[in-house]
Amino acid sequence: MRKPLISGKTKLLGIIGDPVTHSMSPVMQNAAIAHLGLDYIYVPFPVLPDRIEAAIAGFTAIGVQGFNITIPHKQAIIPYLTEISDEAKAVGAVNTAWRTEQGWSGTNTDVIGFLAPLRSLDWDWRQVTPIVLGNGGAARAVVAGFAKLGCPKLHLVGRSSEKLEQFVTSWQRSPLQIELIPRTWDALDELIAIASLLVNTTPIGMHPHTQASPLSDEQMKRLPSSAIAYDLIYTPSPTQFLRQAAAQGAQTIDGTEMLVHQGAAALEQWVGHPAPIEIMRQALQQQLVAL
Ligand code: NAP
């Protein structure tokens, strides 16, 4: 007889968000769980902002083992956790929580996810000054990643001097130190010409605005062919930003690997077993094609 998918012993994992219906994580995580033959199930939990405390209490009561956190709860969850990692402190947001004897611990696996495609590069990171476009939530994971790699400084490019200032000030309290050079968009003409690693953390170019790019064709023509352009966006793939960079001969990285590896890091934290990266990648790609 075929083993039932859910038994009396099946352990619960999941994701909280509002909304949560768009999440790629259930398909990706359940594909990995099935591949590993683990007795877990990963479920989407829609949780309204004023119900977080009740949801966490419920998770504690019913034995949920771990869960992801998506918009808008990534900061709001923090007071309900007994411990958070340096990555989560630096980013100021938690996307993965797991049960401990004391309560719930949390981290931000976007940092690991962002770094995954960069780990294979044979670069002396102490010599690299990345350029980061955008200063929102994802930019914080990117900055934390570059701090972990050992980059001494980076250019942080935003459209609002006030928001840039707030970002730089808040980073002074971060456990992951790196010098941030705030730059407004008008500095880009000069910066692109010396770029070695250019990261787009803005949503410009994301589906359905697939012809948009944070940079003009003219600006991108200044990009050295030795540079790497990294776009956090995973739909479409490639984005217009990456197409422009490829036309200059630059190497390109899209956001798919970050998404896969943040999920893989979460699964490994919950089940204590290496994640099947290729299975998760395939599940994600199939879901993206079906969008
Ligand atoms: P966010 O917190 O809203 O930040 C977006 C940033 O982009 C802000 O700094 C914003 O500037 C800037 N921006 C937006 N529109 C702009 C425009 N027209 N011109 C100049 N700057 C603009 O969003 P987020 O959570 O950081 O997400 C950003 C992107 O990263 C999204 O596309 C998301 O899908 C992607 N992402 C991917 C992964 C992955 O796993 N691959 C993970 C996380 C995020 P202001 O601050 O001035 O408004």
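1. On a 1 Å grid over the protein atoms alone, a pocket is an open set of points where a 1.4 Å probe fits, with protein on both sides within 12 Å along at least five of seven lines, and a molecule sits in a pocket if more than half of its atoms lie within 2 Å of its grid points. By these criteria the ligand sits in the largest pocket.

2. On the source: this is a predicted model, in which local features need pLDDT of at least 70 and side-chain atom pairs count only at pLDDT 80 or more, while totals for chains, interfaces and linings use all residues. Residues are numbered from 1 along each chain as its sequence is written, and side-chain values use heavy atoms, with hydrogens and water left out.

3. Around the ligand there are 19 residues, of which Asn135, Gly137, Ala138, Thr201 and Leu232 come nearest, a residue being near a molecule if one of its heavy atoms lies within 4 Å of it. The shell comprises ten nonpolar, seven polar and two charged residues, with Asp, Glu, Lys and Arg counted as charged, Ala, Val, Leu, Ile, Met, Phe, Trp, Tyr, Cys and Pro as nonpolar, and the others, Gly among them, as polar.

4. Taken alone, the ligand exposes 930 Å², and the protein buries 73% of that (Shrake-Rupley method, 1.4 Å probe).

5. Two cis peptide bonds may be checked. One joins Ile71 and Pro72, with omega about 5 degrees, Pro72 lying in the loop between strand 3 (66-69) and strand 4 (83-84); another joins Thr235 and Pro236, with omega also about 5 degrees.

Notes: 1 Å grid on protein atoms, 1.4 Å probe; cavity = no way out; pocket = protein on both sides within 12 Å on 5 of 7 lines; lining within 4 Å. Helix = DSSP H or I, 4+ residues; strand = E, 2+ residues; numbered from the N terminus.
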